[in-house]
Amino acid sequence: MKRVWITRTEPGASQLGSHLAKAGFLPLVAPAVKIQSVDGSPPTESIDCWTFLSVHAVLSAMEMGWNSFGTCVAIGPATQNALRQYTASTLVPDEHTSEGLFELLQNKLKSGSRICLVAGKNGRKDLEVWLSDVGFDVVRWPVYERMQQPVQVDASKLHAVIASSAFVLPVILDTLRQQHLIWHNHPPLVVPSERIAGHARELGFRNVLVSEGASNSAVRSTLENQI
């Protein structure tokens, strides 16, 4: 069986692990990032569209007292599923990235609409800039913070490493270096986008595979076809 290190945060890490185990892989669920709550409350101004950039954004917003009203947009299926118990209708872009969200919001909303981006603290700001540049009124609501955390894994026995963001790459790299693995012995790194793949290559990762998004099925397909 092929051993795969899953570095993403919970509960997604365990969900992916269960999915891969059923497909015949041996998952090692060892998140290299944890989620920490931040103080805050929902924006008080009127919002035309609430745009959630992750499952953690949904869960943290609920903890802060957000109520379902207005149009809701989710970056991908997992975030949409998290929203279903709070709102009946959620839009999802065809491409589950910031670029896909930008295209969807441009097509569905009138210029000048007020959009609230519900996201992590210190996250990527590209979407906010793009929307502002084409005339939208953008409010950013940070509802959680990602924290890197060291892990103990035997990297020499891995057939692949799953990373869902650029934020986790330094922890993965440190883990490999601490075990004195030379570059050509690094296990393949699976990431959900070319943007993250670019960051990985800049850090020195040699074997980077890009799945068609971050969904469990997309990751499994990449492992089955390329590992």
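1. A helix, as the word is used here, is a DSSP run of type H or I with at least four residues, and helices are numbered from the N terminus. Helix α2 covers residues 55–63, and Ser60 lies in it. The model is a predicted one.

2. Is Ser60 buried or exposed? Ser60 has a relative accessibility of 8%, so Ser60 counts as buried; the cut-off for buried is under 20%. Leaving out residues up to four places away in sequence, Ser60 touches Val143 and Tyr144.

3. Glu95 is a contrasting case. This residue sits in the loop between α3 (77–83) and α4 (98–108). Its relative accessible area is 44%, which means that Glu95 is partly exposed. Once neighbours within four places in sequence are set aside, Glu95 is in contact with Gly100 and Leu101. Glu95 and Ile75 are 20 residues apart in sequence, and their C-alpha atoms are 8.4 Å apart in space.

4. Next, a pair of helices. Two packed helices are described by the angle between their axes and the distance between the axes. For helix α6 (residues 169–178) and helix α7 (residues 194–203), the axes come within 11 Å and cross at roughly 35 degrees. The crossing of α6 and α7 is right-handed. On the α6 side the contact is made by Leu169, Pro170, Leu173 and Arg177, and on the α7 side by Ile196, His199, Ala200 and Leu203. Sorted by class, this contact has six nonpolar residues, one polar and one charged.

5. Now the charged pairs. Side chains of opposite charge can pair when their charged atoms come close. How many salt bridges does the structure hold? The structure holds six. One of them joins Asp126 and Arg124, with 3.0 Å from N to O. Asp126 is partly exposed at 31% relative accessibility, and Arg124 is partly exposed at 26%. Asp126 and Arg124 also belong, with Glu99, to a network of salt bridges.

6. A salt bridge also forms between Glu128 and Arg140, with the closest N and O atoms 3.7 Å apart. Glu128 lies in helix α5 (residues 126–133) and Arg140 in strand β7 (residues 137–148), so this pair ties together parts that are 12 residues apart in sequence. Glu128 has a relative accessible area of 22% and is partly exposed.

7. The pair of Glu224 and Arg220 is placed within one helix. Their side chains meet in a salt bridge at 3.6 Å, N to O. Both residues lie in helix α8 (residues 216–226); because they are four residues apart there, about one helical turn separates them. Glu224 is partly exposed, with a relative accessible area of 42%. Arg220 is partly exposed as well, at 24% relative accessibility.

8. Last, the cysteines. How many disulfides does a search of the whole structure find? The search finds zero. Cys49 counts as buried at 0% relative accessibility, and Cys72 counts as buried at 1%.

How values were computed:
Residues are numbered from 1 along each chain as its sequence is written. This is a predicted model: local features need pLDDT of at least 70, side-chain atom pairs count only at pLDDT 80 or more; totals for chains, interfaces and linings use all residues. Side-chain values use heavy atoms; hydrogens and water are left out. Axes are lines fitted to C-alpha atoms, for helices over the stretch in contact, and angles run from 0 to 180 degrees between N-to-C directions. Helices (H or I, at least four residues) and strands (E, at least two) are DSSP runs, numbered from the N terminus. A crossing is left-handed if the near helix is turned anticlockwise from the far one by less than a right angle, and right-handed if clockwise. Contact means heavy atoms within 4.5 Å. Ala, Val, Leu, Ile, Met, Phe, Trp, Tyr, Cys and Pro count as nonpolar, Asp, Glu, Lys and Arg as charged, and the others, Gly among them, as polar. Buried means under 20% relative accessible area, exposed over 50%, partly exposed in between (1.4 Å probe, protein chains only). A salt bridge is a side-chain nitrogen of Lys or Arg within 4 Å of a carboxyl oxygen of Asp or Glu. A disulfide is a pair of cysteine sulfur atoms within 2.5 Å.
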